Amino acid sequence: MLSIRNIDTFYGNIQALHNVSIEIAEGEIITLIGANGAGKTTTLMSVCGVVPPRTGEILFRNQPIHHLSPDKIVPLGICQVPEGRLIFPYMTVMENLDMGAYLRKDKNGIKHDLEYIFDLFPILAQRKTQAGGTLSGGEQQMLAMSRALMARPKLLLLDEPSLGLAPLIIKQIFEIIEKINAENNTTVFLVEQNANQALKVAHRGYVMENGHISLTDSAENLMKNEDVRRAYLGL
Amino acid sequence: MDYFWELFFGGLTRGSIYALIALGYTMVYGIIELINFAHGEVYMIGAFTGLIVAGVFSLMGFSGASLLVLAMVIAVLYSSAYGYTIEKIAYKPLRGASRLAPLISAIGMSIFLQNYVLLAQTSDFLPFPALIPEFDFMEPYIDYLGSSELVIILTTVLVMIALTVLIKFTKIGKAMRATAQNKKMAMLTGVNVDHVISMTFIIGSGLAAVGGVLIATHIGQINFYIGFIAGLKAFTAAVLGGIGSIPGAVLGSLILGWTESFATGYISSDYEDVFAFCLLVLILIFRPAGILGRSTTQKV
């Protein structure tokens, strides 16, 4: 479904990604794990067109997308929940969700998806008219995920969804990720520092070090891999 | 007491004009964090366009209110085109540059436009026709509220309501707010940020042109330099209210208008500007973000 082929991405003169290749098949949950500053977020930003790669190509359903701007990539069905959640702080919960459906015109579909989301996260229904910035961290993560779901993504990119959240909330968030994947056949590309949690839900994983992909394997094998265990699982 | 009300409505009229201009400053700042110093010039160009349109169409037999509406509509379109073009030429190429670069570019654009109008028109004050008729029903109030002041105030109120509806409920309005609050996230929801920035310049310039035509017909004369003074005052008002905040710009403008009006009326007209800028200094000392401004902190 998504095919990242040999991309190099730069911030000015600083190269953040070196020859990165990642393959994601329809319906998979793929995780990208790695230390701080390894280039995980940059990989997602390259896919979304916010920081386009300088060389290499990115194909989505066999269509090249690496030269498209974000507003052309989102309607293809690629949606990101960015690191730090980036809720619009002075817009209400409802308006944040509206922004998720910014490019959609099917009123009935939007209404239907809103109901689905309030079913998934009942707390958001209670907070409808509250400003996004006044929500707790966990609620903001739920809102950020819901906002992305409002675009009806075929590929959902999640950047550190567990960052700064309480263990109980993290568990809930990961359950929802599995649920979204199972119920809607949404493909999930999950970037995480919390490798333990990520490998539990993922089918396959990639390990990133200093802008390179150093290892890729099934999630089970990565869990057993000595280097991964030592470096990322703290075992 | 009549004198008080005269000053009150005089201040309200001034404040209305400042608000129409200040909105352009504050909206642009909200979206791209740039002080668009050429904004005052867009207002001045609006006034000049109004003058030319009024001249041409009065020869064709138009007069009074229909002439005012024509002058205003064409001035708005023309100034919007200027605002759009200014952004494309002077600011867009500098989007990735340090913050100082577009600021210098803005000042350059302001000087260029002033001199362009100076050369294309004249350095003298040009008389501007009174396009707002004297209403009979305003006769009893003439001592403290003239017909043209009434029209300025009402027009401003209508424009504010329209703008509020636009920002709050329309798709482009939501996209503008989202872009102002988090540009990266707005991009990730599919907002075309370039389009939003262009729309912001177009709307801000249109508002300034409304102000330009109204004040020109109220005062009765214009020259190439009016944009500098009015721009500076409106900018002060925007900072006073909290730059980036739309209600703040309106509030700041009204406070500034009344301050100037009452200071002029009760103390001395020599001190008009002194009071305006003293107010600014006090606000910056005690509330640097402005009256309704938000200090920017981000929760991670």
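What follows is a short chat about this predicted model.

Student: Which strands sit at the edges of the six-stranded sheet in chain A?

Tutor: Start with the order, which runs 6-7-8-3-9-10 in an open sheet with mixed pairing. An edge strand pairs on one side only. That leaves strand 6 (78-81) and strand 10 (212-218) of chain A.

Student: Do strand 7 and strand 8 of chain A pair in the parallel or antiparallel sense?

Tutor: Look at residues 155-159 for strand 7 and residues 187-192 for strand 8 of chain A. Leu158(A) stands opposite Leu190(A) in strand 8. The two strands are joined over five bridges, and the sense is parallel.

Student: At what angle to strand 7 of chain A does helix 1 of chain A run?

Tutor: Helix 1 covers residues 40-48 of chain A. It lies across strands 3, 6, 7, 8 and 9 of chain A. Its angle to strand 7 is about 150°.

Student: Which element gives the largest share of the side of chain B that touches chain A?

Tutor: In total, 16 residues of chain B are in contact with 21 residues of chain A. Helix 6 (171-181) and helix 7 (183-188) of chain B each give two or more residues to that side. The largest share, five residues, comes from helix 6 of chain B.

Student: How far apart are the axes of helix 1 and helix 10 of chain B?

Tutor: Helix 1 (residues 2-32) and helix 10 (residues 246-266) of chain B pack at about 145°. Their crossing is right-handed. The axes are 6 Å apart.

Notes: Residues are numbered from 1 along each chain as its sequence is written. Chains are lettered from A and ligands numbered from 1 in the order in which they are written. This is a predicted model: local features need pLDDT of at least 70, side-chain atom pairs count only at pLDDT 80 or more; totals for chains, interfaces and linings use all residues. Axes are lines fitted to C-alpha atoms, for helices over the stretch in contact, and angles run from 0 to 180 degrees between N-to-C directions. Helices (H or I, at least four residues) and strands (E, at least two) are DSSP runs, numbered from the N terminus. A crossing is left-handed if the near helix is turned anticlockwise from the far one by less than a right angle, and right-handed if clockwise. Two residues are in contact if their C-beta atoms, placed from the backbone, lie within 7 Å. Two strands pair if DSSP finds at least two bridges between them.
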